[in-house]
Amino acid sequence: MSLCKSFGKDKVIFATKEDHATPSKVELPESEPRPGLILENGDINWNCPCLGGMAIGPCGNEFREAFSCFHYSQAQPKGSDCYEAFSTMNECMRNYPGVYKQNLNEDEEEDSGTSGVAGMIADEGEEEDDVDDVPLKSESESKTVATQAK
């Protein structure tokens, strides 16, 4: 038989071997599935942690407009009609460099002629891979690295 003692707001329960011998009869409620980025009705879940707080940052309104435009876009390629919304969001993000880190250097943007989402949309139809030619390690080099890591 267990013994219960209260110490202010705390309650201490001393259980015996017999208490633990029988299976628990406590039934927990079924957990509800957590919604992802897109809710069941097709709307965007702005509270999804997958957005990383982008929807509530200093450029939250611009992000929501651009992301909504892309999500609901019927154009081919998808989102190609959202250039203006993404440009507005990009300009806003440039005003807060401490909050939004840039993926491209300014020099790379000038060289390519297109920047940010505009460049991604322009590159959508191209067949070339954007992967740099990186020399592959030989089999013996990769085994050496794997052995050293152990």
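The hairpin of strand 1 and strand 2 has 2 residues between the strands, and Gly8 there takes a positive phi near 65°. Most residues other than glycine have a negative phi, and most peptide bonds are trans. This is a predicted model: local features need pLDDT of at least 70, side-chain atom pairs count only at pLDDT 80 or more, and totals for chains, interfaces and linings use all residues. Residues are numbered from 1 along each chain as its sequence is written, and side-chain values use heavy atoms, with hydrogens and water left out.

Strand 1 (residues 3-7) and strand 2 (residues 10-14) pair in the antiparallel sense over 5 bridges. Strands (E, at least two residues) and helices (H or I, at least four) are DSSP runs, numbered from the N terminus. Pairing requires at least two DSSP bridges between two strands. Two of the bridge partners follow.

| Residue | Bridge partner in strand 2 |
|---|---|
| Lys5 | Val12 |
| Ser6 | Lys11 |

Now the helices. Helix 2 (residues 60-72) and helix 3 (residues 83-94) pack at an angle of about 155°, with axes 8 Å apart. Helix 2 is therefore roughly antiparallel to helix 3 (angles over 145 degrees count as such). Axes are lines fitted to C-alpha atoms over the stretch in contact, and angles run from 0 to 180 degrees between N-to-C directions.

Glu62, Phe63, Glu65, Ala66 and Phe70 in helix 2 meet Ala85, Phe86, Thr88, Met89 and Cys92 in helix 3. Contact means heavy atoms within 4.5 Å. By class, this contact has 7 nonpolar, 1 polar and 2 charged residues. Here Ala, Met, Phe and Cys are among the nonpolar types, and Glu is among the charged ones.

Pro77 sits in the loop between helix 2 and helix 3. A cis peptide bond joins Gln76 and Pro77, with omega about -5°.

Terms used:
Angles under 35 degrees count as roughly parallel, over 145 as roughly antiparallel, 65 to 115 as roughly perpendicular and the rest as oblique.
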